[in-house]
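I opened this entry to record what I looked up, in the order I looked. The model comes first, then my notes.

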Amino acid sequence: MVALDADGALLGFAAGWTDTVLTGGETAFELAELVVVPGQQGRGIGRGLHDALLAAVKPGPSLLMTLDVPELTDRYARWGWTVADRRRPGKEERDYVVMRREH
Ligand SMILES: CC(C)(COP(=O)(O)OP(=O)(O)OC[C@H]1O[C@@H](n2cnc3c(N)ncnc32)[C@H](O)[C@@H]1OP(=O)(O)O)[C@@H](O)C(=O)NCCC(=O)NCCS
């Protein structure tokens with residue numbers, strides 16, 4: 001899912017896929033990328049991309065994994081996600097959180 005301005009310039013994008021990686025068994029949509037170009041943040045574009053992508057996928061659970069920092073997790077909590085798990089994958093030195101949303 002991409003957001004473009006009237007001239008076709010990229011404002012942001014959201015991407016994901018369906019797999020079992022984050023759940024360990026249950027098939028779920030994984031929100032893998034959500035990025036808005038720095039000069040365009042805070043105008044509702046990110047929320048719009050998020051909502052449009054989730055509305056376009058089959059109803060069911062969605063998961064995402066992000067750094068366990070409040071700047072990221074608090075926003076997703078406001079957008080309807082809840083913490084499902086905390087992980088430190090591979091050789092990472094930082095904690096990550098898996099969040100889940102039903103839709
Ligand atoms: C995280 C990111 C995708 C959010 O995108 P964004 O376009 O800045 O987000 P939005 O503008 O939709 O939402 C930010 C806030 O602005 C507010 N806002 C400001 N103007 C708004 C408008 N016109 N319409 C709707 N919301 C608006 C929203 O209420 C929202 O508040 P909330 O966090 O309480 O929901 C973006 O900041 C980004 O790309 N960051 C760097 C990459 C990153 O961290 N990605 C996530 C990794 S997990």
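**Ligand shell**

I began with the ligand and found 14 residues around it, the closest being V36, Q41, G44, G46 and R47. I counted a residue as near a molecule if its C-beta atom, placed from the backbone, lies within 6 Å of it. The elements that give two or more residues to this shell are β3 (28-36), α1 (45-56) and α2 (70-78). Helices (H or I, at least four residues) and strands (E, at least two) are DSSP runs, numbered from the N terminus. By class I got five nonpolar, five polar and four charged residues in the shell around the ligand. Here Ala, Val, Leu, Ile, Met, Phe, Trp, Tyr, Cys and Pro count as nonpolar, Asp, Glu, Lys and Arg as charged, and the others, Gly among them, as polar.

Two notes on the source. This is a predicted model, where local features need pLDDT of at least 70 and side-chain atom pairs count only at pLDDT 80 or more, while totals for chains, interfaces and linings use all residues. Residues are numbered from 1 along each chain as its sequence is written.

**Helix α1**

I checked the length of α1 next: it has 12 residues and reaches 16 Å from its first C-alpha to its last, close to the 16 Å expected at 1.5 Å a residue. The expected span is 1.5 Å times one less than the number of residues in the helix.

Which residues of α1 are buried? I found G46, L49 and H50. They cover an arc of only 100 degrees around the axis, so they sit on the same side of α1. The arc is that of the directions from the helix axis to the C-beta atoms. An α-helix has 3.6 residues a turn, so residues three or four places apart point the same way. On the other side of α1, A55 and A56 are exposed. The cut-offs are 20 or more other C-beta atoms within 10 Å of the residue's own for buried, 12 or fewer for exposed, and partly exposed in between, with C-beta atoms placed from the backbone. Among what covers the buried residues of α1 I listed β1 (2-4), β2 (10-19) and β3.

I then took two residues of α1 one by one. L49 lies in this helix and counts as buried because it has 22 C-beta neighbours inside 10 Å. Leaving aside neighbours within four places in sequence, L49 is in contact with M1, A3, G12, F13, A14 and L34; contact means C-beta atoms, placed from the backbone, within 7 Å.

**Nonpolar core**

I looked up the largest nonpolar core and got 12 residues: A14, L22, A28, F29, L31, L34, L49, L63, L64, Y76, W81 and M99. Such a core is a set of buried Ala, Val, Leu, Ile, Met, Phe, Trp, Tyr and Cys residues joined through C-beta atoms within 7 Å. β3 and β4 (61-67) each supply at least two residues of this core, and β3 gives the most, with four. I checked L64: not counting residues up to four places away in sequence, it touches E30, L31, Y76 and M99.

Beyond four places in sequence, W17 touches E30 and A32.

T82 belongs to strand β5 (residues 82-87). T82 is exposed, with 11 other C-beta atoms within 10 Å. Leaving aside neighbours within four places in sequence, T82 is in contact with M99 and R100.
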